[in-house]
Amino acid sequence: MDSLIVDLYKNCKANNGGHICYLYNNEENYITNAVSFIVAGIKNGDNILLLENDRHIRQIKTRLEKELTTEELSYLQVINNFDFYYTHGNFHPQTVVDQFIKNTETQLQKRASISTWGFIEWREDQEICNSIAKYEQELHKHLDGKGIVSVCVYNADRVTDSFQQVLQDCHGIVMNEKEVIHVSQ
């Protein structure tokens, strides 16, 4: 397992959760990190909400089946990221936050521990970047103090410098394949 993401996960769990922005450059490393995060979470007793595209889901599930038992895999809830983020045909920040809350509150009400991994994809459009920023800001407020470790993933090649600054402003932690940056909030 990739120790950077696992160490970060453990640190966040010890500190009542965390909102992480993961900017990846290498897809192989990305899949490895996703699998490592999920395995660490499930082994720690978390329910995991995975929001991913179909291609990544197949790769991640194939690797998870080698590392987790059928019972352990039952703690993984997988939702296609397009279906999740574009429920009504567009990326509406409040609708997406409401979807997130709906999918996590049930576990929290049962006093179950939950962590999330969400891969966010979008078309080239400044308006969508503004909508994603609103979503991330609202999500950050929702996560505060709930013990949830939530990783929001973006392909670094598609993130402009200005959008990266926006993402950094709405996350407590920003990471890539080489380093973790704790952002002052």
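The legends below describe close-up views of a predicted model.

Residues are numbered from 1 along each chain as its sequence is written, and side-chain values use heavy atoms, with hydrogens and water left out. In this predicted model, local features need pLDDT of at least 70 and side-chain atom pairs count only at pLDDT 80 or more, while totals for chains, interfaces and linings use all residues.

**View 1**
Strand 1 covers residues 18-24; helices (H or I, at least four residues) and strands (E, at least two) are DSSP runs, numbered from the N terminus. Seven of the seven residues of strand 1 are buried, so the strand is largely enclosed by the rest of the structure. Buried means under 20% relative accessible area, exposed over 50%, and partly exposed in between (1.4 Å probe, protein chains only). Gly18, Ile20, Tyr22 and Tyr24 form one covered side of strand 1, and His19, Cys21 and Leu23 the other. Strand 1 pairs in the parallel sense with strand 5 (residues 149-155) over seven bridges, and with strand 6 (residues 173-175), also in the parallel sense, over three bridges. Two strands pair if DSSP finds at least two bridges between them. Gly18 has Val149 of strand 5 as its bridge partner. Ile20 is bridged to Val151 in strand 5 and stands opposite Ile173 in strand 6.

**View 2. Strand 5 beside strand 4.**
All seven of the seven residues of strand 5 are buried, so this strand too is largely enclosed by the rest of the structure. One buried side holds Val149, Val151, Val153 and Asn155, and the other holds Ser150, Cys152 and Tyr154. Strand 4 joins strand 5 in the parallel sense over five bridges, with Trp117 opposite Val151.

**View 3. The largest pocket.**
The largest pocket holds about 290 Å³ of space. On a 1 Å grid over the protein atoms alone, a pocket is an open set of points with protein on both sides within 12 Å along at least five of seven lines, a cavity is a set where a 1.4 Å probe fits but cannot get out, and lining residues have an atom within 4 Å of a point. Grid points are joined across faces, edges and corners, and a volume is the space filled by probe spheres set on the points. The lining of this pocket has 16 residues, of which Gly17, Gly18, His19, His140 and Gly172 lie nearest the centre. Helix 1 (3-14), strand 1 and helix 7 (126-143) each supply at least two lining residues. By class, four lining residues are nonpolar, eleven polar and one charged. Ala, Val, Leu, Ile, Met, Phe, Trp, Tyr, Cys and Pro count as nonpolar, Asp, Glu, Lys and Arg as charged, and the others, Gly among them, as polar.

**View 4. The largest cavity.**
The whole structure has one cavity of 30 Å³ or more, and about 40 Å³ of space lies in the largest cavity. Its lining includes Trp117, Val151, Tyr135 and Leu139. Strand 4 (114-119), helix 7 and strand 5 each supply at least two residues. Eight lining residues are nonpolar, three polar and none charged.

**View 5. His56 in helix 3.**
His56 lies in helix 3 (residues 54-67) and is buried, with a relative accessible area of 0%. Its side chain makes a polar contact with the side chain of Glu27 (3.2 Å). A polar contact is a pair of N or O atoms within 3.5 Å; within protein, one must be able to donate a hydrogen and the other to accept it, and residues adjacent in sequence count only if both atoms are side-chain atoms. Not counting residues up to four places away in sequence, His56 touches Tyr24, Glu27, Tyr30, Ile31 and Phe119, where contact means heavy atoms within 4.5 Å.
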